[in-house]
Amino acid sequence: MTLTPQAQTLALLGGQMYFDGAWPRWPASDENTERNLLQVLLSGRWAISGAFRGEEAFEKRFARDFASFCNTEYCVPTSSGTAALTIALLALGIGPGDEVLVPGLTWVACASAVVSVGAVPVLVDIDPENLAMCPDAAERAITSDTAVIMLVHPFCRLGDLDAFVALCSRKAIPLIEDCSQAHGAQWRGRRVGSFGAAGCFSMQQSKILTSGEGGAVTTNDSGLAQRLQQLRADGRVYAPTSVKGRLELLEVGEVMGQNFCLSEFQSAILVDRLLHVDTENALRGLFEYRLQELLAADPLASLLSTDSRITQVAYYNLVLRIDGDRFNHVPVDMIARALSAELGVQISPLYKPMNEHPLYVPLTSPRLKGHAQAVRFDPRQFDLPQARRARGLHLTVPNWPLLAGAVGAERLHAALAKVEANSDALALLSLSESREAF
Ligand SMILES: *Cc1c(COP(=O)(O)O)cnc(C)c1O
């Protein structure tokens, strides 16, 4: 008798993997990416702080292309998403004494960037439907010190931009959209990054537009764009005209900056890969569509609810809500490990809520040495019940397996079925093992 795949031993317990083939390669590149990189290599100009060689800097070109992609007037590239958030806050004049509303369930850089400019992150609970900051909770958290709302568009959904744009305008508080997980997404037909005072992006390795490390800020405000340029290049901006053999940067120094510049290599990659963002998101959409069909027939998990105002979905991670009853109430961390072992790709739980995240501990930072109000930074003062509940219910699939489209969804669904069929064995394992760190 041959066993059905579902009845076979889990890969995590020494059995065969459900799928041991290759997933789409990430980060993706092709001959055009290579050509751009080689052009920089041989150009004699590896950074915008190198002399002008008669050819437009890739950084300048990427800024123009990305602004136009995001439906904004301006874009200032940066060395990372963290740098983008940092200079966006500084350009808006944020500093000590200010409070910034930050979602309670997101990457730690959102809050640590606020700490780095001396302002206090106020952690706001999430909406369980889209896992983004909850607009009502945000409104309740506003005080006379609230100087910015930082809305993150998480995983594969968007924050409620209608509600946040209205709230920010009613309270006269600038909105920063953190679009590090949402390149190319559209709300009512308009790209994210164009709704607030500034849009911040990360181009780190795992993001859906990447140069390994990198970032950008988008804005429609010319004054803000001028300050952003200076903040990322030690107080310098592009000169109106370029002269061969001379630096293209003009020393302005209206606001003291630091060096957060994107290199020409990174910019050259981004100029090329930007052309693929929409097609890649569409492929990931086919994955979600097929998975939705399979889950309708066999609901081992569910997907986040859809919102008709999201007219283009971007997929940093696809989020699965696990049906605990079907999986014998095995912790999601263990299901994530079992699925990862079946598929050869890392499936993870969500972030730990920021008020209990081991990497967000502002009081360990020398920045707060001798700070009179250091207690205001203690994340444990915030209550984030929805973030905590969400952490126990969901798994995330990274962006590159999603590029496999419908066939990838079929693999994931079959692997889920195999793990479900073995959930008794998994429950025993989770009892006998100590916690795995995610
Ligand atoms: C990745 C990420 C960042 C930080 O970007 P880096 O490029 O790693 O500095 C900030 N915010 C969100 C939501 C992110 O996903």
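## Shell around the ligand

Helix H3 contributes the most to the shell around the ligand, supplying three residues. The model is a predicted one. Both helix H3 (81–91) and helix H4 (109–116) provide at least two residues of this shell.

In total, 16 residues surround the ligand, and the closest are Gly81, Thr82, Asp178, Ser202 and Lys207. By class, the shell comprises nine polar, five nonpolar and two charged residues.

## Polar contacts and burial of the ligand

On the side chain of Asp178, an N or O atom is 2.7 Å from a nitrogen atom of the ligand.

The protein buries 92% of the 380 Å² that the ligand exposes when taken alone.

## The largest pocket

The largest pocket holds about 480 Å³ of space. Its lining consists of 19 residues, with Gln346, Ser348, Pro349, Tyr351 and Thr396 nearest the centre of the pocket. Two or more lining residues come from each of strand S15 (348–349) and strand S16 (394–398); S16 gives the most, with three residues.

In the lining of this pocket, 11 residues are nonpolar, six are polar and two are charged.

Key. Residues are numbered from 1 along each chain as its sequence is written. This is a predicted model: local features need pLDDT of at least 70, side-chain atom pairs count only at pLDDT 80 or more; totals for chains, interfaces and linings use all residues. Side-chain values use heavy atoms; hydrogens and water are left out. On a 1 Å grid over the protein atoms alone, a cavity is a set of points where a 1.4 Å probe fits but cannot get out, and a pocket is an open set with protein on both sides within 12 Å along at least five of seven lines; lining residues have an atom within 4 Å of a point. Grid points are joined across faces, edges and corners, and a volume is the space filled by probe spheres set on the points. Helices (H or I, at least four residues) and strands (E, at least two) are DSSP runs, numbered from the N terminus. Ala, Val, Leu, Ile, Met, Phe, Trp, Tyr, Cys and Pro count as nonpolar, Asp, Glu, Lys and Arg as charged, and the others, Gly among them, as polar. A residue is near a molecule or strand if one of its heavy atoms lies within 4 Å of it. A polar contact is a pair of N or O atoms within 3.5 Å; within protein, one must be able to donate a hydrogen and the other to accept it, and residues adjacent in sequence count only if both atoms are side-chain atoms. Accessible areas come from the Shrake-Rupley method with a 1.4 Å probe; for residues, only the protein chains shown count as cover.
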